[in-house]
Structures are given as C-alpha cells and as structure tokens.
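Here are my notes on the model below. They are set out as numbered points.

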Amino acid sequence: MSVSTEHRTHSDFPTSFRGAVLRPGDDQYDAARELYQGRAADEGPALIAQCADEEDVAAVLRYASARTVPVAVRGGGHGSDGYAMPGGALVIDLSAMRAVTVDPDTRVVRAQPGVKLGEMDAAAQQHGLAVPAGTVSSTGVSGLTLGGGIGYLMRRYGATVDNLLACDMVTVDGRKVRADVTENPELFWALRGGGGNFGVVTSFEYRAHPVGPEVVAGQLIFPYDQAAAVLGKLSAHLAAAPRELGLLVAIAPAPPLPMLPEEVHGKPALILVVVHTGETATAHEVVEPLAALGRPLANLVTKTTWVQANSMLDAVAPYGMRMNLRGGYLSTLSGDAVEVLLEHVATVQADPGDIYSINLSFMGGAISEDVDEDAMAFSRAGAAWLWEAICKWDAPESDARYDEWATDLTEAMRPHALTNGYANLTDDLGEEWRRGLHGGAAKHRRLRSVKAAWDPHNLLRFNKNIAPEVTD
Ligand SMILES: Cc1cc2nc3c(=O)[nH]c(=O)nc-3n(C[C@H](O)[C@H](O)[C@H](O)COP(=O)(O)OP(=O)(O)OC[C@H]3O[C@@H](n4cnc5c(N)ncnc54)[C@H](O)[C@@H]3O)c2cc1C
C-alpha cells in the first residue's frame, strides 16, 4: 500500500483559509492524520487543510488547480486504501463539517461530508426515520455514499445511492455546483457510485424511511462444523425472504461470551447477523426458521432498537489497526465458493488481538430489483451476495502474511465472482479490475467522459481512480 506523492511545503497556501492548517510537527497533525487503516500512519501528508465550510474547500481547490497539485480528500477516514492521507499529499479534510438536519415532513436528511453513520442514524431516529447506509457507526457518510452504500436496509429500501436526492459539490477549479436528476444529471449519475473522482461533495441530500425504533436483531452463532451444511441450505431458504430481513453472514472467531462453550471462544464459527426491521410481532416467523437451519450454540436475536442493531458490529471494528480488505459479488452462493471461503478461514494465522472475518451480505429485494443497472454508476447487476474478507492486526511484520493470504483468497474466489463489484468493500486491485467494477465497458467509458469533463487533469487521483478520457 503506497500512495506517496511529491512532497511540497505549500508555503504559499492561501491565508484566507479559515479552518486549521496542519503540517508535520504541528500539535494536532498526528491526531488529524489518523485513519481507520493503520498502515496509512507509516507516512504522513505534507499539509492537512481542515475545512470549516465549503468556502474553505473552494479555496484549497483553487490553490491546487492553479499549481496542478493533486489533492486527497478525507471524509470519515474509513477507506481501506488509506487514500484519504497519502504520504506527502495536500489533503482536504472534511471531518469538521459535521452538520446533519432532518425534515420530518419531507423525510429529507441533509448531511455534511464529515458526518458519521452513527450521527446520521441518531438524528434521523429522533423522527423514527433512517437513511439506508452501512453497518459500522464510525464510517463516514461521504466515501460510503460516493461508492454505493450497502447495509441491513438495502433489501428493503435499496443502497444509499438509490436514496440520494442531490449533492452540493465544489469543482476542482473551485466553483460550487449542485447535482441531481435535473441539474447536472450526468455528474449526478457518476457521483452515485463513481467515488470521489469528480469534485469534492460538501453536502448530501437523502430520502429517509420509517424504521424502528424497535427492531428484532442479533446473532445466531453456529459451530464451525455446521458451517458448510447451513450455508448449503441458506440460498434456497432465503428465496422467499421478506425485504424487511437484513442478513450478514460472518465466518469469524466466536466471541468469548458466557453462553458459548469455552472451547469455541476465539475459534472460527458461523455467525448469522440478523436485522429484521418489519413488524416485531411476526419477526420470529423469519428468525426461527433461520435458526433451524442448524443447531446454533447461541440465539442472541432479540427485540432491540435500530440504533443498537446498526452498531452491533462496532465492537469488532476498532479504529487504527493495520488492515486489508478484499471482496466481490457472487451470482449464487455455490457449494464450491463456500468451500473456498471455509478452507481459507481455516488457514488464517492470527496473533492474539488480531481480528479477521469473511462476510457474506445477502442482497436481493430493493437493491437488486428496483433500480435499473444503467441508472447510475453503482453496479449491482447479477449480484445475489457480496463476499468480503477483512483482516486487522497491529504488527507491521504481519503485513506480508496477511496480504499473501488475502491475495490467495481473491485468486481462489475469482472463478466464482462477477467482474463487476462494489468499490468500497475491497482494496483497490488495479486498473483492469477498476475497468470492470461499474459493469459493462459502456458504463466505464461514460464514467471516463464525466471525469474528463469535471477533472481533466486528474487532480482527484487518490481514489479508486477513473482516468480522464483525454489521457489515453
Ligand atoms: C469497519 C468498516 C465497516 C464498513 N462497513 C460498510 C458497510 O456496512 N457498508 C458499506 O457500504 N461500506 C462499508 N465500509 C466501506 C466504506 O463504505 C468505505 O470505506 C468508505 O470509503 C468510507 O467512507 P469514509 O468517508 O469514512 O472514508 P474516507 O477514507 O474518508 O474516504 C474514502 C475516499 O472517498 C473519497 N471521498 C470521501 N469524502 C469525499 C467527498 N466529500 N468528496 C469527494 N470525495 C470524497 C476520497 O477519495 C477518499 O479517499 C466499511 C468500511 C470499514 C473500514
């Protein structure tokens, strides 16, 4: 993971900038450069511009454009590639722009780019609403939305981008524009899944939906020796699943809970993470048959709140560890694909304190059926499941071992995976992979021409980069 750039001191950085300007050695610099991806801390950026408002964002972009200096953008800091703080780079840090407002009458939620998912959930739930988004509350709305956004509500209400109504954006030359279905519609098409390639988004406007506050959620924990059998039955069982069922399957070490036998603590187990947002009175009709797919060691599914359900994975998502992330779409959960995943889980060499998990997110419903594949850059064609492997560790000496494991797994999954994919839940796998990510060649060409129109010199290149059409 190396995203270094030419080091500059930026001694001519604009004095009109109102937020904090942090350089190596400044008091707040080390705290400001910390990202979810701990490996990013190996090399610091040249200057972090902590923007107070969109005027500040425009000032940095005008400065960068005039000198053709590439710019990195930090939203919530969860990007696994660490592109938000590249070594030697000029960084637009949006984390201080944290306002979120909810209009209960129109059910429109507006979030600034430093807002985290937990903050948006908390604000929307005050009115019994939620915006479909991700499953860990420290994740930023920014990167998640621009890449797509999937979570427990995707089957019921679609991906985050399916619920995005508009964006305010600052262009690379410092102009403020709006993008929605009528104003700059081509830009809006690209912003919904094309990542941070086109400009810096300073406000997101979402359609929220009634959710909770009471939901039925929790984990069904099966022993590892039942994993193949349960997974083998799962797809057929879920064929008639209601859209109100959100399901993430984790093949991961069993937590040290008192209700689990001690001998399984820390050993791989099959965990069905269930979030049912429909009628609580009838949720058991959905949950009990899932439990009956095997003989669970524990059934922790219970009535809870949406906010608690949508943050239950926070405990396994600590900030700042070294990590890697791989994943892709599956058209079906075949026995062969399951075998590859189970075989690889069994070969992880984890040190005490390390964290690993192979996850399978169940798609279908609104995300798969309600939106046309060509309606936006985000691709979901043919995807019934998303597989994802995440490893986290602290020792730099373990980097090579975990990277090799992740590469082996990715190669072994390639014959089972689709060529399109979800940009946010995998590390950047290079140019050829990025070409297929959004679907067919026509979508990739369309993204390149939007990139050429809005960022012809590729100043926004620290991302899952779409090269401007003009450079080929
Ligand atoms: C623990 C964990 C859990 C996750 N869970 C989910 C999940 O449930 N569902 C899901 O869909 N994804 C999930 N993700 C993936 C997540 O969507 C991506 O990591 C996403 O990039 C995070 O956005 P961020 O703003 O926090 O990250 P950042 O690292 O700040 O941003 C990522 C990139 O987005 C671009 N960017 C950010 N903000 C802007 C902006 N305002 N304008 C222009 N470009 C911008 C930049 O290129 C930046 O490098 C998870 C990731 C982690 C680490």
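1. Does the span of helix H7 (residues 227–238) agree or disagree with 1.5 Å a residue? The end C-alpha atoms of H7 are 16 Å apart, which agrees with the 16 Å that its 12 residues should span. The expected span is 1.5 Å times one less than the number of residues, and helices (H or I, at least four residues) and strands (E, at least two) are DSSP runs, numbered from the N terminus.

2. This is a predicted model, in which local features need pLDDT of at least 70, side-chain atom pairs count only at pLDDT 80 or more, and totals for chains, interfaces and linings use all residues. Residues are numbered from 1 along each chain as its sequence is written, and side-chain values use heavy atoms, leaving out hydrogens and water.

3. In H7, Ala 227, Val 230, Leu 231, Leu 234 and Leu 238 are buried. They cover an arc of only 95° around the axis, which puts them on the same side of H7; the arc is that of the directions from the helix axis to the C-beta atoms. Gly 232 and Ala 236, on the other side of H7, are exposed. Buried means under 20% relative accessible area, exposed over 50%, and partly exposed in between (1.4 Å probe, protein chains only).

4. The structure holds 28 salt bridges, each a side-chain nitrogen of Lys or Arg within 4 Å of a carboxyl oxygen of Asp or Glu. In one of them, Arg 39 pairs with Asp 403, with the closest N and O atoms 2.6 Å apart. Arg 39 lies in the loop between helix H1 (29–32) and strand E2 (47–50) and Asp 403 in helix H12, so the pair ties together parts 364 residues apart in sequence. Arg 39 is buried, at 11% relative accessible area, whereas Asp 403 is partly exposed, at 22%.

5. Lys 176 forms a salt bridge with Glu 55, the closest N and O atoms being 2.3 Å apart. This pair links distant parts of the chain, 121 residues apart: Lys 176 is in strand E9 (residues 176–179) and Glu 55 in helix H2 (residues 54–67). Lys 176 is partly exposed, at 42% relative accessibility, and Glu 55 is partly exposed, at 35%.

6. Glu 373 forms a salt bridge with Lys 443, the closest N and O atoms being 3.4 Å apart. Glu 373 is in the loop between helix H11 (366–369) and E19, and Lys 443 is in helix H14 (residues 441–454), so the pair ties together parts 70 residues apart in sequence. Glu 373 is buried, at 18% relative accessible area, and Lys 443 is buried, at 5%.
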